[in-house]
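Here is a short briefing on one protein model and its ligand. Read it with the structure open.

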Amino acid sequence: MKTNVSLAAPMATTYSYQLKCSTCEAVYDQRQLQTFCALCGQSPISVKFELGTSLPQHLIDFEERSMWRYAGVLPLKNKLNRVSLGEGWTPILQLDTLASRLGMHSLLLKDESLNPTGSFKARGLSMAVSKAKELGVEACIVPTAGNAGGALSAYCAKAGLQATVVMPSHTPEAFKKECLAFGAELILVEGLINDCAQKVAMLKKERPYFDVSTMKEPYRLEGKKTLGYELAEQLDWSLPDVILYPAGGGTGLIGIWKAFEEMKSMGWIKEFPTRMIAVQATNCQPLVATFSGLQSSSSNYQGKATIANGLAVPRPFAERMMLDVLAQSGGTALAVSEDEIIASVKEMAKAEGLLVAPEGAALLAALKRLLKNGQIEAHQKVMLLNTGSGYKYLDNFDF
Ligand SMILES: *Cc1c(COP(=O)(O)O)cnc(C)c1O
Ligand SMILES: [Zn+2]
């Protein structure tokens, strides 16, 4: 006879936190919806946990095979408000064929294409929509280059909230149709995501929406930071030497670094010598331009559309925070062309059986350049972060 053994789960720790401006340290009320810091102008508000030392075993919910295994360091008060579609806990794959082609010992890829709605946006929006539910929000709005809109729509459908998505009209059809399938209101705008943001600003005057624009509220970043926790846990707390990240608004880049800092203050990792490398498309490379000193900031940068639509963010709100991560980690920023991106999508598909998003494929082109110019060495432990699935972009490809 089968006995039901109930293994009592150890009590998980949950840390308390404050909402603080990332620049001036002003503190904001966490019981109310917040946007960004108006006191010092245009700075994101961050969640600052009051972390004590703990063992991972005391904090991670090992039974939970989603990003919510790190709920102890996520700012949700009541588990009943959690809005989850199974996001996170994505695999790390070994790209053996590409590694040997490039003369590398190994090459890792964290495959975020397996997330709900096919991109890592699911992490941020699971967190932000959960928090919206907890704070009594009824309607959410987002300007998007594509994937954030689909993810917002799906999580709002699950939570029973209304979603409004404002997207460039040139975005491939799949990105539009999924929003409609999830019951969202879809508004198309000529231009790029910054033009969509202007439309959102107008709509907000007519109706009280929770605006979940990248880094203009504190919670998407918290969902994204689970990427950092997760890759550390999956690599047995031994971090890569280099992480290549396709940067748009920068939540993943900033979030991974935030996770590393939090894990260090809890004593889970010691130093983190990981170099963070931001990859953009030559059609829209504001961060590269600022990083290399061509402009003091991207506030007037003019970008063009790219096949890697998630990278078409001409004036990222949290540019300063991205530059800080690059500086602190000794990283760099570089851009690759449309032709290189398209060739990389095809190469990764044929060599590894992975139909990655053009954003993720851009990393392969960047890696080749960095190996050639000696900024990455063949023996180093390198991780590519494939942020999304290639399936939604198929309209734009001939194979
Ligand atoms: C949004 C997006 C990015 C860029 O992410 P940020 O957090 O804005 O830097 C990269 N790749 C894909 C597939 C995306 O959807
Ligand atoms: Zn401030």
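How far does a polar side-chain atom of Asn147 lie from an oxygen atom of ligand 1? The distance is 2.9 Å. This is a predicted model: local features need pLDDT of at least 70, side-chain atom pairs count only at pLDDT 80 or more, and totals for chains, interfaces and linings use all residues. Residues are numbered from 1 along each chain as its sequence is written, chains are lettered from A and ligands numbered from 1 in the order in which they are written, and side-chain values use heavy atoms, with hydrogens and water left out.

**Ligand 1**

- Gly249 places a backbone N or O atom 2.7 Å from an oxygen atom of ligand 1.
- For Gly250, a backbone N or O atom lies 2.6 Å from a ligand 1 oxygen atom.
- On its own, ligand 1 has 380 Å² of accessible area, and the protein covers 97% of it. Accessible areas come from the Shrake-Rupley method with a 1.4 Å probe; for residues, only the protein chains shown count as cover.
- In total, 17 residues surround ligand 1. The closest are Lys121, Gly249, Gly250, Thr251 and Thr387. A residue counts here if one of its heavy atoms lies within 4 Å of the molecule.

**Annotated domain**

- UniProt, in an unreviewed entry, lists residues 83-388 as "domain: Tryptophan synthase beta chain-like PALP". Its positions are given in the numbering used here, feature names are shortened, and annotations may be inferred rather than shown by experiment.
- Residues 83-388 are 44% helix and 16% strand. Helices (H or I, at least four residues) and strands (E, at least two) are DSSP runs, numbered from the N terminus.
- The end C-alpha atoms of that stretch are 21 Å apart.

**Salt bridges**

- Side chains of opposite charge can pair when their charged atoms come close.
- The structure holds 19 salt bridges. Each is a side-chain nitrogen of Lys or Arg within 4 Å of a carboxyl oxygen of Asp or Glu.
- Glu112 and Arg123 form one of them, at 2.6 Å from N to O. The pair links distant parts of the chain, eleven residues apart: Glu112 sits in the loop between β6 (108-111) and α3 (121-134), and Arg123 in helix α3.
- Glu112 is buried, at 0% relative accessible area. Arg123 is buried too, with a value of 0%. Buried means under 20% relative accessible area, exposed over 50%, and partly exposed in between (1.4 Å probe, protein chains only).
- Lys131 bridges to Glu134, with the closest N and O atoms 2.8 Å apart. Lys131 and Glu134 are about one helical turn apart because they lie three residues from each other in helix α3. Lys131 counts as buried, at 1% relative accessibility.
- Glu262 meets Lys258 in a salt bridge of 2.7 Å, N to O. Both lie in helix α8 (residues 251-265), four residues apart, about one turn of the helix. Glu262 and Lys258 are both buried.
- Lys110, Glu112, Arg123 and Glu230 are joined into one network by salt bridges that share partners.

**Surface patch**

- Tyr391, Leu394 and Phe399 make a nonpolar surface patch of about 360 Å². Patches are made of residues with over 30% relative accessible area and no salt bridge: like charges are joined within 9 Å, nonpolar side chains (Val, Leu, Ile, Met, Phe, Trp, Tyr) within 5 Å.
- Tyr391 is in the segment after β14 (382-386). Tyr391 is exposed, with a relative accessible area of 58%.

**Strand β8**

- Ala163 lies in strand β8 (residues 162-168). At 8% relative accessibility, Ala163 is buried.
- Ala163 and Phe36 are 127 residues apart along the chain, and their C-alpha atoms are separated by 21 Å.

Technical notes: A polar contact is a pair of N or O atoms within 3.5 Å; within protein, one must be able to donate a hydrogen and the other to accept it, and residues adjacent in sequence count only if both atoms are side-chain atoms.
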